Each structure stands twice: as C-alpha cells, then as structure tokens.
Amino acid sequence: MNGWYESDGARLSFRDTGSGQPVVFLHPTPLDRDYWRPLIENLAGVRAIVPDFRGHGQSELGFNLPVGAFERAPDAPVLTMTQLASDILALLDHLQLPAAVFAGCSIGGYVLLELWRRAPDRMQGLVFVCSKPQPDAEANLAKRAANIAQVRAGGLGSLFDGMAQSLIGATARDRHPEIVAELRARMTLTPEAAVAVQAGLATRPDSLPTVATIDVPVLAIAGGEDPAITPGEMEAFNAAPGGCEFHLLPDAGHFAAYEQPQKIAALLAEWLRQPEG
C-alpha cells in the first residue's frame, strides 16, 4: 500500500508491502523510492517499508529549513541528516513499528548512521549499499558548492544529466543502456530541494566514531565502478563490533541495487537468514 504521514510540517510519502521481517529501505539522492523496486521484487519474506525522503519523489520539502551551516554557500537551506532521521523515526511511530532492519544507499546510509546515534534500540541490523561513514573531503566540499552554483544558475537538468551518466556503472550502461533514461526520470527534485540536499551532504558529521558503537549485524556492499564512494572507504564498516559482512561487486556503480537487484537481493536474503549473534 501507499501511504502518507506528517513530520515537522511536511507531508511525506511511503510504500509498505509484503509481510515478514520489517526492512526500511532508504534511497539515494537525487532518486526516489522507486530505486529499491527491482530489488524488493526479488526479495521474499520481508515487509518492505520504503519512504520518499522529504523533497524527493512525492514527499514535500517542507518549510523553515535551517540556513547558514554550509560556509561555502552560507545562504543555502540545509536538509540535514538530523531532519531526515527525525522523519524516519516519525514514520516508525506512524506505523507503530518498534524496531526493524534498515538498508540505505548513499545518503540513505548517512541517515542510518544518524538513526543509530539517535535510536539504536529500534535498529536490528544495518545494510549499507554504496555509502560510507567518512565526511566530505575537500574535493567533495568544493563539488557541493559547484553543484549549488550550477543549480542556482538554472543548470539543474544538466546536473542530473551528468549524474545519470557518471553514477551508473559502466557495466550497467553497456549491458542495459535503458537504465540511464530510467534513473534520470526518477530525478525530480526542485532546485530548492537540490540545493538543500547538497548543503546537507556537505555538512554531515564524521561517523567513523559511530561505526565503533554499532553492536548489531552490518552488511556492507560496495561497487567497484562507483565513482563517489570507494570500497576502501566502505571497509571502515568492518570495525563495527556487531560484525560486518562485506561484499565488493566489481562491476557495479553507485546505484548498485538498481543495477544488480537480483545479486544484492540474494546477498540481503542470505544475510537476513543468519541468526542474531
């Protein structure tokens, strides 16, 4: 079923299907929850709860976002990981769901780390796909500022065109050329939302200390063709005291779960079958 809930004045959208182990799937930006659809279609025995982050898909961005945290664009609104985590906690409360397994890709993984800091008792396991605990390095910060300037100059479409080409792995583009148009069509953020997301990504905290506190099972899946996040960065999840199962997909890009949904669904299903502890 498709549903709606309210969080901090914004009307937010989600999809709730299937039965079994509850798994909350958090999508990457600038895509929407449809990113997870091919994987979920290949995954049995779970209750898949898939929200659209605020400003993405059918969810509203809301009003009164904080301004000023990103010094390279000091007038930019900031969609913080704190806000996105609050939205997900509001969804759990809306569904009266005390705890679940969580899976996040890219920004979805950054939100998982914030959720762990806020509500570890509600997280039974964490899955990171093409995400990392490190904050933005200097080159990333410069890129965020350039992206904001490009959007404000009217270049939102060209920014998304470039993302659709560069973030999808070369193997997926070669084997399934239609994937570029499919994912480009899911990039529907408004200019204001795109700016707020870039500022939020730039100001997210260093979560390496957080990894050292994760005492539930972790599954980490890296893409060998991911230009945004390296397998080496993702290996930092191996430090999680709850144990980390790490996989490298050599021929996957940043949107790995959409590029190789059957492969990642199989890895996730096997990981979910493992007994706790």
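**View 1. The cavities of the predicted model.** Three cavities of 30 Å³ or more are found in the structure. Rolling a probe the size of a water molecule over the atoms shows where empty space is left.

**View 2. The lining of the largest cavity.** The residues that line the largest cavity are Thr 29, Pro 30, Leu 159, Phe 160, Met 163, Leu 189, Ala 194, Val 197 and Gln 198. Sorted by class, seven of these lining residues are nonpolar and two are polar, while none is charged. At least two residues of this lining come from helix 5, and at least two come from helix 8.

**View 3. The centre of the largest pocket.** The largest pocket has a volume of about 460 Å³. Its lining is made up of 23 residues, of which Arg 144, Asn 147, Met 163, Leu 167 and Ala 228 are the closest to the centre of the pocket.

**View 4. The helices around the largest pocket.** Two or more residues of the pocket lining are given by each of helix 4 (138-152), helix 5 (156-166) and helix 8 (191-202). Helix 5 contributes five residues, which is the largest share of the lining of this pocket.

Methods. Residues numbered from 1 in each chain as written. Predicted model: local features only at pLDDT ≥ 70, side-chain atom pairs only at ≥ 80, totals over all residues. Heavy atoms only, no water. 1 Å grid on protein atoms, 1.4 Å probe; cavity = no way out; pocket = protein on both sides within 12 Å on 5 of 7 lines; lining within 4 Å. Points joined across faces, edges and corners; volume = space filled by probe spheres on them. Helix = DSSP H or I, 4+ residues; strand = E, 2+ residues; numbered from the N terminus. Nonpolar A, V, L, I, M, F, W, Y, C, P; charged D, E, K, R; others polar.
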